[in-house]
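Please take a moment to look over the sequence and the model, and then follow the paragraphs below from one part to the next.

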Amino acid sequence: MANNEIILEAKNIYKSFSGVPVLQDVHFEVRKGEVHALMGENGAGKSTLIKIITGVYSKDAGSIWWEGKEVQVNSYADVQKLGIACIYQELSVEPPLTVAQNVFLGREPRKFGLIDHRKMIKDTEELIARYGFPLKADELVANLGIGLRQLVEILKGLSCDSKLLIMDEPTASLSGKEAESLFEIIEKLRDQGVSIIYISHRLEEVYRLSDRLTVLRNGQNAAVLNHEQIEPRLVIKTMIGKEVDESAGSAKEMRKNNNEVVLDVKNFSDEIGMFKDVSFQAHRGEILGFGGLIGAGRTELMRAIYGIDKHKSGTATLNGVELKYSPKESIKAGFGFVPEDRRNQGFIPLLSTVKNVALTNYDIVKKNGTSISDKDERDMGIRAIKQIDIRPDNPDKEVGLMSGGNQQKVVLGKWIQRDLKVLIVDEPTAGIDVGAKDQIYSILEDLASQGIVVIIVTSDLQELIRVSHRILVMRKGSIIKEFDSGIVTQSMVLEAGSGIVD
Amino acid sequence: MKKLSVKDLSKPIILVAFFLILTILRPSSFLTVGNLGNVLWSVSIYGVMVSGTIFVFLLGGIDLSIGTLCGLTGVTCVMTIRAFGYTPAGVIAGIAAALAVGLIAGLIHGLIITTFRVPAFLVTFATQTIYLGLSMILTNNKILDCTSPALFTSIGKNPVPIILMAVAALISWYVLRKTETGRYVYAVGGNDQAAAISGISVRKITIMAYMISGFTTAIGGIILSSMTQQGMASNGSGYEQYVIMAGVIGGISLLGGEGTVPGAIFGAMIIGLLQNGLNLMSVPSTQHGLVRGLVIIAAVGFDALQRDTKFQSWLAKRRQARAAGKSAA
């Protein structure tokens, strides 16, 4: 049970990246045997703080104390020695190995220089029994679902006598049932004196599990709340900050337009339930925002409509004609798609602006017989550079060498050369500087005013409210709220996305 | 238009340097029409093959089977000609059969790689021995002579192989530089996910690349069987090394997305000149492998240094410092 003995304390932590302060005078403490939640909006500094605690980043100033002594942590190995284990979202278990082999990976018990399999199995079984995990030591991890794999990862952390577990969005890819059994295990661990730092965007989980909650906002401490003080609306207010919530950019009147329906999606579902029975319509000239938490199924839904991934059932029609659910055919029909993961999916880093812009447009670039008109291709690239102010304006510059904002403009630039009907943009300004953000917003607004449907998926609440004419909020694969009139604030969207529906 | 930089000119400079060195060292024997014709003749097969395999390289793939496929297609060609009684019609049939075998082999590679997502390295490593095995079974591991008709034997005699190399390189250059397909190859090799989202069928492009590689390998096999006037299972074995070497020396990135046909042909030329130089200077053949390896390392290292931004900025700083030192003095 939680007592007041402090196991980990980070004092007066400062950190900045290339001059931009990310953490300022942050204080964070975890008691022995407590579940301590860490919350904050995207970019509030949660992951930076955790990376400093686990030795991945160095801090600019401040100190870290472990069991009452100041410690220097310079690598994850240092941290492990102290007894801290981090369970990442991307699991690091090896599917071809058994549970026991995974738990003891790299530090297998040995006998006469050989791996002592019997002892390894026995020790793993003891661990499993001690924490009551539904696992078998000699089971292959490949046969386990994602939820149980996560337990293997946790077991691995516990096997090093860890006193503190850090869990980053542990339920992001779990089903409801899997999440429930994880919660039981977390509670069991706490009762055995293990401390847990629990990072999540999901308020109801935090409410259920945590003894205390630290909220970060803009790289600073916003509040530390005890369990009885954790009240969803208060938490949201603390995360967003009053002064921000009342400023111009964070509340806006929604207005549904009554133009004809361009895109009509009916009962869209996928195989694994990332989105279930989703229906919505988008009207000519509308900017339709999709809000919700990360993992709510928005990205998956958009990818399936556009045709990158498969869906199981449901239809999507564009001006009455059903889509063929392949990127090539969707582009022909008038779609554009700006993916969430710009670096890996957005552009071809080795190619120039000209060739990246032309990539989807060889049906409209002039040709002499089979050969592409270099001049026409180049003119298109130069036109894109002028239209949306891509910098540097050298059309031969490799896009991989540009800044994030300009890379994103190149990605957008290739779509605006076409006769678009629908443009889907997923997290269009992630990691982009403020100036470029504004430019991208005005591009989107300009496209909508030309009658194009713009669908924007974003986790940045301010952006969602600022850009959208109408907002749909998704949660666990379903659209649970529509804002199509009246004033909408960030808190209203966040409350809907977190499952606190009026 | 784009300005030419030192990087663009480095390859012609190296080629000229090679020429000058060999001309100075062996003035009477190197710079003769006969010798230069020999050099081109000896690299023609690599030149033809790399013109097709470059498609695979640009996708970030690799084709290790081209050496033994070169043998198998040669055997196919010779056996068909023999079956037709050494007639010109047999030569046409033999060429067609060899090209078909090359295309089918490429199709199989492409299908396995895209369907089962097996690394190209493993697939072509396996088919490498399969093709050698097939050739051995077909020939009963014997040498099959084929010294006529003239239509066949002329394929391997100058200037035909050189012309074939030029044509293959030209077509390949045209497709990669001037057509939509070429743009898609660079895009898929540079970032396949982004290419797929841009509506490009990664699978189609991949299968096509391996088929082109198989096709030019078959042309190489036909030339080789004509040059040697025989079909033999082990003919062409190890050629994949020379083709990869030509590509790498020519600045093709084996990670995909980067490289040009002129570069690859340049690479083949360097291999030929190097071999010729070693022969002319009577370097014992036992030492050739060592020298070739060192040249590859030098070429790749040189290329890496040109790309390395740290090295480049260090170089720029040094230049600045030197300029500052001069003005101070």
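Predicted model: local features only at pLDDT ≥ 70, side-chain atom pairs only at ≥ 80, totals over all residues.

A residue is called buried here if 20 or more other C-beta atoms lie within 10 Å of its own, and exposed if 12 or fewer do. Strand β22(A) spans residues 422–426, and five of its five residues are buried. In a regular strand the side chains alternate between the two faces of the sheet.

Which strands does β22(A) pair with in its sheet? Strands of a sheet pair through backbone hydrogen bonds, either parallel or antiparallel. Strand β19(A), residues 335–338, runs parallel to β22(A) and is joined to it by four bridges; here Phe337(A) stands opposite Ile424(A). Strand β23(A), residues 453–457, also runs parallel to β22(A), with five bridges between them, and in this pair Asp426(A) stands opposite Val457(A).

Chain A has another open sheet of six strands with mixed pairing, and its order is β6-β9-β10-β3-β11-β12. Its edge strands are β6(A), residues 84–87, and β12(A), residues 220–226, each of which pairs on one side only. Neighbouring strands of this sheet are turned by 20° against each other on average, if direction is ignored. Inside the sheet, β3(A), residues 35–39, and β10(A), residues 195–199, run parallel and are joined by four bridges; the bridge partner of Val35(A) in β10(A) is Ile196(A). Helix α5(A), residues 146–159, packs on the sheet and touches β6(A) and β9(A), its direction making about 170° with that of β6(A). Helix α8(A), residues 232–240, packs on the sheet as well, touching β3(A), β11(A) and β12(A), and its direction makes about 30° with that of β11(A).

Stepping back to the whole of chain A, we find it divided into domain 1 (6–241), domain 2 (242–334 + 420–502) and domain 3 (344–418). The centres of domain 1 and domain 3 of chain A, taken over C-alpha atoms, are separated by 44 Å.

How many residues does each chain bring to the contact between chain A and chain B? Chain A gives 22 residues and chain B gives 18. On the side of chain A that touches chain B, the elements giving two or more residues are α11(A) (327–333), α12(A) (342–346) and β21(A) (371–372). Sorted by class, this side of chain A has 13 nonpolar, six polar and three charged residues.

Finally, we can look at some details of the backbone. Most residues other than glycine have a negative phi, and most peptide bonds are trans. Asn267(A), however, has a positive phi near 50°; this residue is found in strand β14(A), residues 261–269, and it is exposed because 11 other C-beta atoms lie within 10 Å. In chain B, Ser282(B) has a positive phi of about 55° although it is not a glycine, and its place is in the loop between α12(B) and α13(B). With 8 C-beta neighbours inside 10 Å, Ser282(B) also counts as exposed. Chain B contains cis peptide bonds too, including the one that joins Ser148(B) and Pro149(B), where omega is about 0°; Pro149(B) sits in the loop between β1(B) and α6(B). The peptide bond from Asn158(B) to Pro159(B) is cis as well, with omega near 5°, and Pro159(B) lies in the loop between α6(B) and α7(B).

Terms used
Residues numbered from 1 in each chain as written. Chains lettered and ligands numbered in written order. Pairing = 2+ DSSP bridges. Axes fitted to C-alpha atoms, helices over the stretch in contact; angles between N-to-C directions. Contact = placed C-beta atoms within 7 Å. Nonpolar A, V, L, I, M, F, W, Y, C, P; charged D, E, K, R; others polar. Domains from an automatic or database assignment.
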